Amino acid sequence: MYWVTAKEFKLDIVAKGDTDKGFFYAANNFETAEHGGTHIDAPIHFSKGKQSVEEIPLEKLIGHGIKIDVSANASNNPDYLVSIEDFSNWEKENGLIPEGAIVLLDTGHSKHYPDKIKYLGTDKRGSEAIKLLHFPGLSPEAATWLVENRTINAIGIDTPSIDFGQSEYFKSHVILLSENIPAFENITNLDQLPQKDFEIIALPMKIKDGSGAPLRIIAKVEETI
Ligand SMILES: [Zn+2]
């Protein structure tokens with residue numbers, strides 16, 4: 001699924017079939033906006049002079065993850081804002097958010113993917129559709145708290161954007177990306193993760209000067225049996 005003003009993914013088949021030389025051959029062209037499907041926001045997306053995709057150090061993209069589960073609060077509220085209290089509640093149970101953590105926000109919203117009305121708030125497209133967007137995000141107050149009080153490597157959310165759908169000024173983007181903290185958007189399957197003690201590998205397509213890129217993000221969870 002793509003942002004309402006972004007070009008959607010398109011695959012053009014160049015070849016697919018048996019050749020007259022006896023071998024099978026398949027090849028395609030593709031066209032896509034950077035910010036669609038599961039993708040990364042590079043710092044330069046909202047912060048002048050900051051890192052583009054290929055400049056993000058791998059240390060920010062590979063490392064220990066934690067999950068903040070706010071799905072109980074967000075499930076009936078498509079305008080839910082992840083709050084400082086949500087982080088404090090996690091820390092009461094698990095200790096301080098560890099230095100260098102990749103912080104994943106589980107709003108439960110990805111269960112609506114790919115139903116546009118439920119996931120984005122609208123099936124309309126274009127700039128007119130922006131004010132119709134409804135999905136949870138991170139509150140600017142909580143983003144500020146995170147960058148001022150904890151040292152995290154990256155953040156991710158199971159909605160189309162780290163700022164909620166009704167955001168006008170994209171403040172959480174600005175706050176995080178200005179600190180060179182990349183954001184992963186449209187991630188999924190967070191319900192399968194524990195609250196902590198897992199590894200994240202989040203490798204984007206390495207687009208030179210990219211403001212974002214398609215992202216392959218996986219978690220490695222230790223078996224505890
Ligand atoms: Zn994005």
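## A cluster of rings

Let's start with the aromatic side chains: W3, F46, F135 and F170 are joined into a cluster by ring pairs. Rings of Phe, Tyr and Trp (its six-membered ring) count as a pair if their centres lie within 6.5 Å; planes under 30 degrees apart are stacked, over 60 edge-to-face, and the rest tilted. This is a predicted model, so local features need pLDDT of at least 70 and side-chain atom pairs count only at pLDDT 80 or more, while totals for chains, interfaces and linings use all residues. Residues are numbered from 1 along each chain as its sequence is written, and side-chain values use heavy atoms, with hydrogens and water left out.

Searching the whole structure turns up 6 aromatic pairs. One of them is W3 with F170, an edge-to-face pair with 6.5 Å centre to centre and 65° between the planes. W3 sits in the segment before strand 1 (10–18) and F170 in the loop between strand 8 (152–157) and helix 5 (171–177), so this pair ties together parts that are 167 residues apart in sequence. (Helices, H or I with at least four residues, and strands, E with at least two, are DSSP runs numbered from the N terminus.) W3 and F170 are both buried, where buried means under 20% relative accessible area, exposed over 50%, and partly exposed in between, using a 1.4 Å probe and protein chains only.

Then there's Y113 with Y119: the ring centres are 5.0 Å apart and the planes are at 80°, so this pair is edge-to-face. Y113 is partly exposed at 34% relative accessibility, whereas Y119 is buried at 1%.

## The zinc site

Which protein donors hold the zinc ion? They are H35 (ND1), H39 (NE2), D41 (OD) and E185 (OE), at 1.9 to 2.4 Å from the ion. Donors here are N, O and S atoms within 2.8 Å of the metal (3.2 Å for Na, K and Ca); water is not among the atoms, so sites may look incomplete. Along the chain, the zinc donors are spaced as H-x3-H-x1-D-x143-E. D41 in strand 3 (residues 39–41) and E185 in strand 9 are 144 residues apart, so to speak a link between distant parts of the chain. Both are tucked away: D41 is buried at 0% relative accessible area and E185 is buried at 2%.

The 4 donor atoms subtend angles of 76 to 167° around the zinc ion, which makes the arrangement irregular. Four donors are tetrahedral if all angles lie between 85 and 135 degrees; four are square planar and six octahedral if opposite donors are over 155 degrees apart and all others between 65 and 115; anything else is irregular.

## Around N180

N180 is found in the loop between helix 5 and strand 9 (183–185). Beyond its neighbours within four places in sequence, N180 is in contact (heavy atoms within 4.5 Å) with P43, K50, Q51 and K60.
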